[in-house]
Amino acid sequence: LLKVLLSGTQNTFVEDKLNGNYDAIRDYDESYVQGKLALTSVFTHKFNAKNSVRTGFTLSHLTYDLNKQYRDDSSGLMQTFMQTSGSTQTYQSFAQWNHKLSNRLTTNAGAHFLYLALNNTYSLEPRASIKYDVTAKQNIAFGYGLHSQLQPLGAYFAQNKFTGVQPNKDLDLTKAHHFILSHDISLTANTHVKTEVYYQHLFNVPVAADVTNTFSMLNVTDGYTEDGLVNKGAGKNYGVELTIERFTFKNFYYLLSLSLYESKYEAANKQWYDTRFNTNYATTFTAGKEWQLSEKRKGRVLGVNGKLVYVGGFRTSPVNLAESIRKNETVYDESHPFTLQNKDYFRVDVRISIKRNYAKLTSTLSLDIQNATNNQNIGGQRFDKKTGTVKYFYQTGLLPVLAYRIEF
């Protein structure tokens, strides 16, 4: 089986300020354009009732056009922190052997390989799992895997504003040991409960080269740092998850997920801190129902879906008010990273759709109402230049999205 995938993203942010003559002056300019063309293939062969193998590869061609400039307050001039375009490639392959030791005991063993042509970094990763069927409706399993991940492309191209040197061009891959123990039991023919206990140990994490800087790539949500980085950081995630799922039956489904966890990172100073994402708990509930309309409207299907999310608040670093006033911009106290936690996040999404099945195509008209209760979820804190105080800013409120889709 051979597949071709083409995708692309563009993220742009510009900020202008008015001078004394009320002329718009560019103060910040970010533009990140990335594309991906991937070729993937998977081959499966069954030797007999007890043995089968699965192998495959993915070749990806990555293109990028990355630019970041902002005005230096001391000189009043625009400084370039990133300006590059080009392409690179990644190569991935894997092999997996499935072996049934008995009617109840199944093992999987294999390896995954990842190579980044940009700086010739690579990783060979062993992976294995074992599953025991306690009964026809119940099983327990244990798995281990070494996983690696590229850095966000822009991280490789950050440059010193004075010398133009790109200190992060040779960053290695971030890697993690994953361990997971699970238990799965079927309550009915279409409903099951799954419990998972997991631990992840991350290493080779890029952190600031300066040991007084608590930056870690694990906390990045957007943009790219200009700081020099080294692969000397670490992280750990561990917790337990409970999932109750009803597969679609009689046009109705639901999925309830509960999670308790901890997420920590080690900075360049060898101290451990909460990550930005250490919310400690998360709950999501998704459900949906479809109705076939009357015979007069045969072929039309009405669907109603909903999703509820309740999560502990993201963590944030406190604002250094004195420095913010002095520099007239938001300055965080990075010596106490992510010691504050926002209020819990709550959101309800609702989707109503009408699907029409034709002989050679399907059309869907849908209305998505995101954050239907218009809950004001805190995004974080920042310095308000007008009042000289620290204020909260909020995430997106109620957002309706009307869409029409045709599938051939």
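This is a predicted model: local features need pLDDT of at least 70, side-chain atom pairs count only at pLDDT 80 or more; totals for chains, interfaces and linings use all residues.

Trainee: What share of the contacts comes from residues 24 or more positions apart?
Mentor: Among contacts in the protein with a separation of 6 or more, such residues account for 57%.

Trainee: And the surface, what does the accessible area come to?
Mentor: The accessible surface is about 24000 Å², and carbon and sulfur atoms hold 56% of that. As for charge, the protein has 45 positive and 35 negative charges, and their mean positions are 12 Å apart.

Trainee: Let us go inside. Which residues touch the most other members of the largest nonpolar core?
Mentor: They are Tyr64, Leu66, Met82, Leu118, Tyr156 and Phe157, in a core of 18 residues. Strand E3 (51-71) and helix H1 (153-157) are the elements that each give two or more residues to this core. H1 gives the most, with four residues.

Trainee: What does Leu66 touch?
Mentor: Leaving aside residues up to four places away in sequence, Leu66 touches Ser31, Tyr32, Val33 and Gln34, then Met82, Gln83 and Thr84, and also Leu153, Gly154 and Phe157. There is also a second, separate core of six residues, which includes Tyr198, Ala282, Val309 and Val311.

Trainee: Changing topic, where is Ser317 found?
Mentor: Ser317 is in the loop between strand E15 (315-316) and helix H2 (321-327).

Trainee: Is Ser317 buried or exposed, and why?
Mentor: Ser317 is buried, because its relative accessible area is 4%, and the cut-off for buried is under 20%.

Trainee: What does its side chain reach?
Mentor: The Ser317 side chain reaches the backbone nitrogen of Phe338 at 3.0 Å. Beyond four places away in sequence, Ser317 touches Tyr332, Asp333, Glu334, His336, Pro337 and Phe338.

Trainee: Does Asn190 count as buried or exposed, and why?
Mentor: Asn190 counts as buried, because its relative accessibility is 14%, which falls under the 20% cut-off. Apart from residues up to four places away in sequence, Asn190 touches Glu245, Arg246, Phe247 and Phe249.

Key: Residues are numbered from 1 along each chain as its sequence is written. Side-chain values use heavy atoms; hydrogens and water are left out. Contact means heavy atoms within 4.5 Å. Accessible areas come from the Shrake-Rupley method with a 1.4 Å probe; for residues, only the protein chains shown count as cover. Lys and Arg count as positive and Asp and Glu as negative; His and the chain ends are not counted. The place of a charge is taken as NZ of Lys, CZ of Arg, CG of Asp or CD of Glu. A nonpolar core is a set of buried Ala, Val, Leu, Ile, Met, Phe, Trp, Tyr and Cys residues joined through side-chain atoms within 4.5 Å. Buried means under 20% relative accessible area, exposed over 50%, partly exposed in between (1.4 Å probe, protein chains only). A polar contact is a pair of N or O atoms within 3.5 Å; within protein, one must be able to donate a hydrogen and the other to accept it, and residues adjacent in sequence count only if both atoms are side-chain atoms.
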